[in-house]
Amino acid sequence: MKRFNLKTVLLVGAALALQVAAVWGAAPRTSGAGNALADLHTALGVTCASCHGTAKVAAVDDSERSINVTCVGCHGNLDAMAAQARAGSHVNPHKSHLGDINCTVCHMGHVQSKAYCTNCHAFAMKIPAGDPVPQKPAPKAAKKAAVKQRVERADVVVIGAGAAGMTAAITAHDAGARVILIEKQPITGGNSMLAAGGMNAAGTRFQKAKGIADSVELMYQDTMKGGGNIGDPALVRVLAKESAGSVDWLTSLGADISDVGRMGGASVNRTHRPKGGAAVGAHIAGVLKKNAVQRRIDIRLNSKVVKLIEDNKGRITGVQVEGKHSGLYTIKAKAVVLTAGGFSANADKVAFYRPEYKGMTTSNQPGATGDGMDLGAKAGGELKDMKEIQIHPTVAAGSRILITEAVRGNGAILVNHEGKRFVNELTTRDKASAAILAQTGKSAYLVFDEGIRKSLKQIDGYFHLELVKEGATIQELAAAINVPATVLEATVASYNAAFDGKSDPDFKRPDIPRPIRTARYYAIEVKPGVHYTMGGLKINADGQVLAASGTPMAGLFAAGEVTGGVHGNNRLGGNSISETITFGRIAGASAAKLVKGGAKK
Ligand code: SIN
C-alpha cells in the first residue's frame, strides 16, 4: 500500500488540530467504550449537552445528520475546513471525491471509527478520533424488544444507495411511490462513486454531435462478444436499447456526460464522461444524491438490511433493518428493490468462487461484500454466473487505486519490465489481465505522455497520489522505472509509427488516438485486481428477481451489480454505470407500478 510523505499535510482544520495536539500531546487518550471523540471534547470543556442537546435521551439518528449539523456549527462545513489547508499541502483530507459527507464518517464518537478515505488510500496521518476502537456488542435482549416496538411503512424500500439504488429511488418516487432508501455505509455512492472511465451508450446526441456512427445493434454485439456470448440476450438488448435514453435522463437531472471516449472491447467511441475527461462516478453519484435530497427521499445511512420479510405466500412484504443507533426495526413495503452491489471487497467470497484470486487486491469500496445477493438468495432468488469475477488489469501496484482504462483508451501503452509492449491495450479486461500476469513480476507499466495526460482530467489525480514516475525524455523515464532505455525508445518509436500509419501490425490495437511524443513522459506501475462480479441474482427485463423455477418473485426487484446476466463472463469498461442507470430506472418503475396496482406481481 502506498504511503505518503505528508510533512505538509494539514490534518484537520487548524483550530481542532491545535487543540488535539495539545490534548493528545499531554496525555494520549483512549476509551475502552470507544468514546474517543467524546473524550476529546470533554477534555476541551465541551459537554455532552453541547453536542446532543439537553433532552433526557440524547438520541442520534442512524444517518447522523443532526449531530453533523452541530459539528458543522462549531467547525464549519467541509469546504470551510478544506479552505484552511496550509499552502502547499499535498493532500487535503477535507476535499475529496466523496462529496459532502458527514463529519462523523471519519471522526466518530461512540462507535468504531476509521477515516473513510483510508479504506482505499494509506495516509500517514493522525485523524482525531479516527482510529478503530473496540466495540461493545449490543445487548441481545434490547434488540428483541426493539423489533417488537418499531414497525414503519413505505411503498418501496430500496437497498443500497449506489447509482442503481439512487436511480431506482428517484424513478419510483417520481412515479408517485413513497420510497425509503437504505444504505449500510456511512455515505451514499457505493462503488459507483469510484467509477472512472464513463458510461457506455449508443446513438446518443453527444455521439451524433461528434459524428460517431453507433447503433443499438453494435453495442449489443460488442457486449455479447465481450462477455463470451454467455450474457442474457434479452438483458443485453435492454442495456443497449435504453442506453441513449439513460444518458438523456441523467442529463435532465443535471449530469454532464458530454465527452465521448473509448474503452476496451468497444467498436466505436461510446463511453460518455464529463467534459475534459473527469471521472464519471463521483460526478454522477453527486448528481443523483442531489436529486434524491431535493425530492426529500428518505435516505437512511448506517442502516443494514438483515432480512427480507415474506408473507405466507412467499411475497416479499418488507425488510428488517439494523440501524447503527436505533437497532433492529421493520419496514413493511409493497415492493423491495435490491441494489446492494457486488462482492469484490469480500475476499472470502471471492476466494470461495475463484480460489486462484485469493489475496489479490481490489479496486472496490469496503461495502462491496455481496450482502444483497445473500439476502435475495435466502429469500429464494436464483443466483447465476457467480464464478464470473472480473480482474481489472490496471490497479496501481501496491494500492487499491484503479487506473482507468480510459488512459489506455486515450492512447497509453502497456509495457513490461523488459520495456516491450505485449498486448493490444484495448482488448477486453480478461485478456489484458491475463497478459499482465504472464509478465515478469506479474505487473506492467502504463506509459503515456503530456498529450495523453492533457486529454483526460482524471489523470491529474494519479499525480496527486504520487503514483506516477516521469522523465523529460523516454531515456529518463526508462531510468526512472528501471527498464532498458534503448528497448523502451524502440517500443515507443514503433507505436508512434503505428499511429502515423493508422495500423498496429504488432498487436492489432484497433484505435490509436494519440502518439507518445510530447514531453514529459510518464509511467504508472499496474497490477491486476478484483474489480467486478458479473454474477448475481437472476432478473428479467422488467427488473423482477427470478426464483429457481424461472418465475418472478412477487414484490422483489433488483438492478446493478447485485444482479447477474448482463455482462456474461466479462464486463466491458463503461457498461457498469450504463447498467446501473438503465436497470435502476427499470426496477424503480416496475416497483412503483406494482405499488400503484398496475402490475401483476
Ligand atoms: C475504468 O475506468 O477502467 C473502470 C470503469 C468500469 O469498470 O467500467
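Is cysteine 48 buried or exposed? With 61% relative accessibility, cysteine 48 is exposed (over 50% relative accessible area; buried is under 20%, and partly exposed lies in between, with a 1.4 Å probe and protein chains only).

The model is predicted: local features need pLDDT of at least 70, side-chain atom pairs count only at pLDDT 80 or more, and totals for chains, interfaces and linings use all residues. Residues are numbered from 1 along each chain as its sequence is written, and side-chain values use heavy atoms, with hydrogens and water left out.

View 1. The structure has zero disulfides, a disulfide being a pair of cysteine sulfur atoms within 2.5 Å. For cysteine 48, the nearest cysteine sulfur belongs to cysteine 51, 8.1 Å away. Cysteine 51 is likewise in no disulfide, and the nearest cysteine sulfur, in cysteine 71, is 6.6 Å away. Cysteine 51 is partly exposed, at 26% relative accessibility.

**View 2. The shell around the ligand.** Residues surrounding the ligand include Ala196, Met263, His392, Glu405 and Arg429; a residue is near the ligand if one of its heavy atoms lies within 4 Å of it. The shell divides into three nonpolar, six polar and three charged residues. Here Ala, Val, Leu, Ile, Met, Phe, Trp, Tyr, Cys and Pro count as nonpolar, Asp, Glu, Lys and Arg as charged, and the others, Gly among them, as polar. At least three shell residues come from each of domain 2 (152–198 + 281–388 + 535–595) and domain 3 (390–530), with bounds from an automatic or database domain assignment.

**View 3. Atoms facing the ligand's oxygens.** A side-chain N or O atom of histidine 531 is 2.7 Å from an oxygen atom of the ligand. For arginine 571, a polar side-chain atom lies 2.6 Å from a ligand oxygen. Glycine 574 places a polar backbone atom 2.8 Å from an oxygen atom of the ligand. Of the 260 Å² of accessible area that the ligand has on its own, the protein covers 96% (Shrake-Rupley method, 1.4 Å probe).

**View 4. The loop at asparagine 302.** Asparagine 302 sits in the loop between strand 6 (298–300) and strand 7 (303–310); strands (E, at least two residues) and helices (H or I, at least four) are DSSP runs numbered from the N terminus. Its phi is near 50°, a positive value in a residue other than glycine. Asparagine 302 is buried, at 9% relative accessibility.

**View 5. A cis peptide bond.** Alanine 519 and arginine 520 are joined by a cis peptide bond, with omega about 0°. Arginine 520 belongs to the loop between helix 19 (485–501) and strand 15 (521–533).

Note on methods
Polar contact = N/O pair within 3.5 Å; in protein donor to acceptor, adjacent residues only side chain to side chain.
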